[in-house]
Amino acid sequence: MINKALPKIWYGGDYNPEQWNKETWSEDERMFTLAGIDVATINVFSWALNQPSENTYDFTWLDETIDRLYEKNVFVCLATSTAAHPAWMAKRYPDVRRVDFEGRKRQFGGRHNSCPNSPTYRKYASRMAEKLAERYQNHPAVLIWHVSNEYGGYCYCDNCQKEFHVWLKDRYHTLDAVNQAWNTTFWGHTFYEWDEIVVPNGLSEEWEHGNNTNFQGISLDYRRFQSDSLLDVFKLERDQLKKHTPDIPVTTNLMGLYPELDYFKWGKEMDVVSWDNYPSIDTPVSMTAMTHDLMRGLKSGQPFMLMEQTPSQQNWQAFNALKRPGVMRLWSYQAVAHGADTVMFFQLRRSRGATEKYHGAVIEHVGHEHTRVFKESAAVGEELGILSDQIIDSRTDAKVAIVFDWENRWAINLSSGPSVALDYVKEVHKYYDAFYQKNIPVDIIGVEEDLSQYQVVIAPVLYMIKEGHANRLKKFVRDGGTFVTTFFSGIVDENDLVTLGGYPGELRELVGIWSEEIDALEPSHTNEIVFDTSIGALKGSYTCNVLFDLIHAEGAEVLATYGSDFYQGMPVLTKNTFGQGNAYYVASSPDQTFIRDFVENICTDMDIKALMVSADGVEVTERVKEETSYLFIINHNPEEASFEAGETVYIDLITNNTYTGTNKIKARDVLILKQQ
Ligand code: GLA
Ligand code: ZN
């Protein structure tokens, strides 16, 4: 558990006192106290201040800041300041500057801009981490280390190219193996020397910013390599911190569904996952919920940190809507409801200049506490004080798991054909949403997760089958589990080489079907999923689109067939009994009504029940600690709505009001209920 030194839901966020004078600092302190803020994330972008020249370090401002905050009972989430290199470093050591997708050497500018394979960056970033760890190792204010910030982006420089060769040698050992993995006899791309391999970018194999490639093999490996390279620089800093402060947890803030890094790999290297949640006004709330569950899944269900969210608006969206009254509180608790043990903002005080001056903050440009945003922030601060240590370190107990895999996502996106309309995240979300709407908890898991705790595992578009995964899925079903997979699954191995002998390859025996062909039509062209006889909630006809597998049952039972086109009458939904369990194959991308009814049947068959019945838009989740269950009732509607508490009498942790039977919950309100 992370919250040992401060045993409550941490409340605070990014704070940049270096942008302000001393009078402002005292105002900040006064207002932090008013708002119940107890954690400040500091030193995120201050490398240039901390190290004004190559051989000079100056931490006086940081010493003062940490002491001053601690005096006012504000702890720190201490960043290592390495997310943007100093200008002097960029000038003296060009290797820190990245080469972009078009092959252009970058100048100084921006942030998150250092080449992960730059010897200079590696040397000075880890030295900075070490200096900070040495200096603050005994400071009681330091709760957690925040390494760098939002790692991301790729580099295509010569150092990266050289290191790519090293990475490839490590993975494949011989060039022959590389040639085979990438199928380089295609278009005569056979390599005879390692240094013939160049980075895949806009000058070589890829185009449209990497959305297209001639060779999936090299492009996939380059993504793995860049994700690993950034992870290596994270690990360099982490190891310096751990050397001096083995007991202080280390994190770096992730970005949810960010496409470029394999976060399941990252999660393993972090003590606690933290992430930055920036939904826009029209992001479906179930998409945010799914992203929280994904972040929780990176460390097999351990609580995570909500590191950043805006108290009001962003600046970087096209239209930066204000969070409506109550929405900041609503979304803060939604994070907690899905496993967050902190509620933190970007940022505590709105900056005066540069690109984020219109980004929301707890303290706005007017500078005083008489603002809507400050009042709402202070109200949440007060409530988190009331909740004290009650919820922290509690867990989610889900019987349903949905598989998510970044490498699978890369491979799908990089594949040329069958359809540009195939969107992996959307397909995963469709299934997630059906459970979400029913108030049934879901874990989002990686392909390596132990499946024995689940009754249902759903793997939408499991295009890439990694070594051993098919066998683990078979064991899960054999032992009585229910497995669902869809069209365009089981097609390739980890190198994006097709598993020959008929789709869905390694899953074929498990699902008991053969997919002979895959049709792809522009999404407005739909087909029908037709049930001749109704099966539970599934009846009549539904629509489907995007991809259409033309499948033959090989032992599986045909539950529904296509309603039109030349494959009318061929199976579109099948169920295969395998050992004690069942494996379903959904051969096309169905409408949401189908998925709702299908999920309803699965839950009935497996006896999986809703946590509570509630009106549309009222989310219910549960966190469990020891024997205590905490139910979060979250009304996303802008009007009052209802939920059913049944015969149990519950008490709300915030107001102490009691609830039983049929109840009303106010617009955008949240209740945290415990049995009385
Ligand atoms: C990210 C960064 C912050 C800030 C916010 C603005 O999450 O980590 O430094 O730029 O975005 O939304
Ligand atoms: Zn590089």
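Predicted model: local features only at pLDDT ≥ 70, side-chain atom pairs only at ≥ 80, totals over all residues.
A polar contact is a pair of N or O atoms within 3.5 Å.

For D276, an N or O atom of the side chain is 3.4 Å from an oxygen atom of ligand 1.

These residues belong to a wider shell. Ligand 1 is surrounded by F45, R111, N149, E150, N253, D276, Y278, E308, W316, F346, E356 and H359. Sorted by class, this shell around ligand 1 comprises five charged, four nonpolar and three polar residues.

Attention may now turn to helix α11, which spans residues 327–337. Because 11 of the 11 residues of α11 are buried, the helix is largely enclosed by the rest of the structure. The buried residues of α11 include R329, W331, Y333 and Q334, as well as V327, M328 and L330. After α11 comes G339, which has a positive phi near 120 degrees.

The cysteines remain to be considered. C155 counts as buried because its relative accessibility is 0%, and C160 likewise counts as buried, at 0% relative accessibility. A disulfide would require a pair of cysteine sulfur atoms within 2.5 Å; a search of the whole structure finds zero disulfides.

Terms used:
Residues numbered from 1 in each chain as written. Chains lettered and ligands numbered in written order. Heavy atoms only, no water. Near = heavy atom within 4 Å. Polar contact = N/O pair within 3.5 Å; in protein donor to acceptor, adjacent residues only side chain to side chain. Nonpolar A, V, L, I, M, F, W, Y, C, P; charged D, E, K, R; others polar. Buried < 20%, exposed > 50% of the residue type's maximum accessible area, 1.4 Å probe, protein only. Helix = DSSP H or I, 4+ residues; strand = E, 2+ residues; numbered from the N terminus.
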